[in-house]
There are 2 protein chains.
Amino acid sequence: MTAGRPLAPDRPPESAPVVVLSGGVGGSKLVLGLSRVVNPAALTVVANTGDDFDHLGLRVCPDIDTLVYTLAGLDDRGAGWGRAGESGNFMEAVGALGEDTWFFLGDKDLAMHVARTRRLAAGERLSAVTRDVCRRLGVTTRILPMSDDPVSTAVETVEGRLPFQHYFVRDRCRPAVRGFRYDGAETAAAGAGVLEALAAEGLRAAIVAPSNPFVSIDPILAVPGVREALRACRAPVVAVTPIVGGRAVKGPTAKMMRELGVEVSPVAVARRYGDFADGFVLDASDTELAPRVTASGFRALTVNTVMDSLDDRVMLARDVLEFCDQLSRPAAGRRASR
Amino acid sequence: MTAGRPLAPDRPPESAPVVVLSGGVGGSKLVLGLSRVVNPAALTVVANTGDDFDHLGLRVCPDIDTLVYTLAGLDDRGAGWGRAGESGNFMEAVGALGEDTWFFLGDKDLAMHVARTRRLAAGERLSAVTRDVCRRLGVTTRILPMSDDPVSTAVETVEGRLPFQHYFVRDRCRPAVRGFRYDGAETAAAGAGVLEALAAEGLRAAIVAPSNPFVSIDPILAVPGVREALRACRAPVVAVTPIVGGRAVKGPTAKMMRELGVEVSPVAVARRYGDFADGFVLDASDTELAPRVTASGFRALTVNTVMDSLDDRVMLARDVLEFCDQLSRPAAGRRASR
């Protein structure tokens with residue numbers, strides 16, 4: 001079972017609940033695949049909000065929006081973020097007024113930020129706003145902010161501390177990374193429904209998407225109660241590698257690992273999740289690393305994890321779920337043994 | 001001198017300061033004409049802010065924006081408001097999110113509202129924001145908000161009280177009008193530079209633009225100190241009719257006058273300004289009303305006041321200024337005599 005696709009014994013119904021922890025671009029690909037494999041309404045996504053920020057006076061939630069647009073079929077497939085058929089008339093005009101232009105806000109996308117900012121200022125919670133937005137855009141999958149309280153990821157670099165979007169977008173991940181902070185996480189409450197989803201009766205699987213461990217998954221895990229809920233989860237917990245062949249599929253994950261002195265390898269990613277994950281999904285190109293993953297106490301699955309096409313997304317989703325089903329009802333105390 | 005164009009004796013230099021009190025669409029036409037006749041930097045516009053409002057969480061200042069766009073050459077000539085070559089992608093997207101769509105915010109125009117809202121929230125005053133916006137867009141004419149404090153025009157209608165934009169845009173001026181309120185005006189301070197502009201050394205003229213007297217000019221006059229400054233003004237004060245041939249050139253002025261039981265006539269408009277204006281400009285088509293205007297204590301000028309083309313705007317601006325120059329240095333106490 002360390003390589004190849006497992007068989008699926010008495011697969012649970014497609015309406016059994018599944019939870020995914022996800023960042024934006026990479027995670028949304030697997031989430032889209034999962035939404036085609038299970039009943040989309042049975043799928044719950046716990047979304048990273050650590051890279052949310054206030055920009056031009058508007059509350060921008062990049063990961064939530066990428067998930068919403070992807071599931072609503074409004075996403076820009078090429079970019080992986082933002083909306084398809086987007087225009088930049090606002091951006092050009094706001095630049096002429098001397099405002100910052102390093103973070104692109106398309107004319108259509110802007111509607112999301114303006115509506116959200118208005119509603120948050122009126123006292124609505126981010127979870128309620130997100131739920132209503134999903135309803136209006138026909139998204140039946142539940143997208144839950146990891147917290148309704150603001151948590152801000154900051155990147156400690158050799159040039160000083162940077163708010164995440166300044167590091168990521170403005171400075172294009174150039175400064176070498178020394179560490180991360182998730183400001184506000186310690187006192188944040190888990191988002192509405194998050195802990196309940198992980199403790200749900202009949203949960204089929206909890207999946208950690210192939211998102212950046214430092215700036216997409218760790219912020220979620222930093223919210224009090226989430227890590228504990230994953231440890232206590234009665235369903236199998238499986239993580240999917242964001243590292244393939246020694247490189248990040250997308251984004252700065254590999255660069256960050258190098259700068260932090262961590263081996264750029266799925267093994268290193270797996271170990272970060274060792275206290276709560278049962279299984280780990282490696283890419284088929286990293287088959288030789290599977291024994292090291294299993295030696296770290298995980299069940300391992302090696303399949304194609306690179307999701308270029310919609311078929312790739314659906315295939316990986318199916319593979320991951322079947323892997324989870326194989327891990328069902330593990331022996332009590334399995335996680336305590338590590 | 002009650003009809004025909006007056007001669008211009010020893011015209012003051014084009015750099016002598018001129019002040020205009022203005023609303024949006026109608027006023028901006030005359031302001032544009034004036035900016036072509038005098039040094040634009042010598043021109044100061046005191047702009048109505050009574051129809052400013054918060055919409056989708058953004059601070060919208062319709063009259064200031066119409067003036068800015070017009071003077072920057074960015075205006076939509078056809079509509080008379082908003083920007084040329086505008087797109088509505090934001091509007092369509094925000095409607096899909098369930099937000100109000102009765103007030104159109106174009107993608108380019110939105111930049112103004114987002115930038116202004118951000119800056120006001122950061123503690124800048126509306127006058128400072130407006131000054132900086134003008135500088136960035138190459139507008140050398142000074143556009144001064146009538147106040148930096150919020151003043152909200154409300155329309156008392158037979159169906160109840162309506163915020164101005166709800167009456168004007170959402171309900172298309174349909175409900176019959178019973179009166180007006182300028183909430184906040186009593187305690188508002190005149191905008192930065194407003195009273196100083198009216199008391200400026202060497203002021204050539206103070207002009208009341210052909211704007212709606214009830215919802216464009218009266219809010220300005222309701223700000224403490226403005227009416228007094230006009231009365232005390234050492235330069236001639238001249239108003240231009242917004243009523244031509246018994247109809248409003250643009251907007252609901254005539255409808256409002258009818259509903260208030262006021263004669264729909266330039267004579268009635270002139271009388272509203274009787275305590276501070278020296279001269280009144282009627283349209284040539286209303287020549288027969290000139291004796292009634294003069295009988296009310298005004299010097300009267302009858303010329304073409306309908307500004308369809310840029311030439312019309314420039315011509316009227318020149319006519320009005322020459323009229324003002326003829327009224328220069330009136331006998332002391334002229335206004336007290338009425």
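Buried residues (those with 20 or more other C-beta atoms within 10 Å of their own, against 12 or fewer for exposed and anything in between for partly exposed, with C-beta atoms placed from the backbone) account for 54% of the 338 residues in chain A. This is a predicted model, so local features need pLDDT of at least 70 and side-chain atom pairs count only at pLDDT 80 or more, while totals for chains, interfaces and linings use all residues. Residues are numbered from 1 along each chain as its sequence is written, and chains are lettered from A and ligands numbered from 1 in the order in which they are written.

As for overall shape, the C-alpha trace of chain A spans about 60 × 45 × 40 Å along its principal axes. Chain A holds 13 helices and 14 strands, taken as DSSP runs (H or I, at least four residues, for helices; E, at least two, for strands) and numbered from the N terminus. Contacts here mean C-beta atoms, placed from the backbone, within 7 Å of each other. Among those in chain A between residues at least 6 apart in sequence, 69% link residues at least 24 apart.

One helix pair in chain A shows how the packing goes. Helix H1 (residues 25–37) and helix H2 (residues 62–72) of chain A have axes that come within 9 Å and cross at roughly 35°; the axes are lines fitted to C-alpha atoms over the stretch in contact, with angles from 0 to 180 degrees between N-to-C directions. The crossing of H1(A) past H2(A) is right-handed, i.e. the near helix is turned clockwise from the far one by less than a right angle. H1(A) brings Val25(A), Ser28(A), Val31(A), Leu32(A) and Ser35(A) to the contact, and H2(A) brings Thr66(A), Leu67(A), Thr70(A) and Leu71(A). By class, that makes five nonpolar, four polar and no charged residues (Ala, Val, Leu, Ile, Met, Phe, Trp, Tyr, Cys and Pro count as nonpolar, Asp, Glu, Lys and Arg as charged, and the others, Gly among them, as polar).

Elsewhere in chain A, Gly225(A) sits in the loop between helix H8 (213–221) and helix H9 (226–231). Gly225(A) is partly exposed, because it has 15 C-beta neighbours inside 10 Å. Leaving aside residues up to four places away in sequence, Gly225(A) touches Ala190(A) and Leu195(A). Chain B can be laid on chain A with an RMSD of 0.0 Å by a turn of 180° and a shift of 0.0 Å along the axis, superposing by least squares on the C-alpha atoms of residues with pLDDT of at least 70 in both. The two copies are therefore related as by a two-fold rotation axis. Asp107(B) comes closest to that axis of the residues of chain B, at 3.0 Å (C-alpha). The copies meet through the same surface, because 96% of the interface residues of chain B are also interface residues in chain A.

Key. Contact = placed C-beta atoms within 7 Å.
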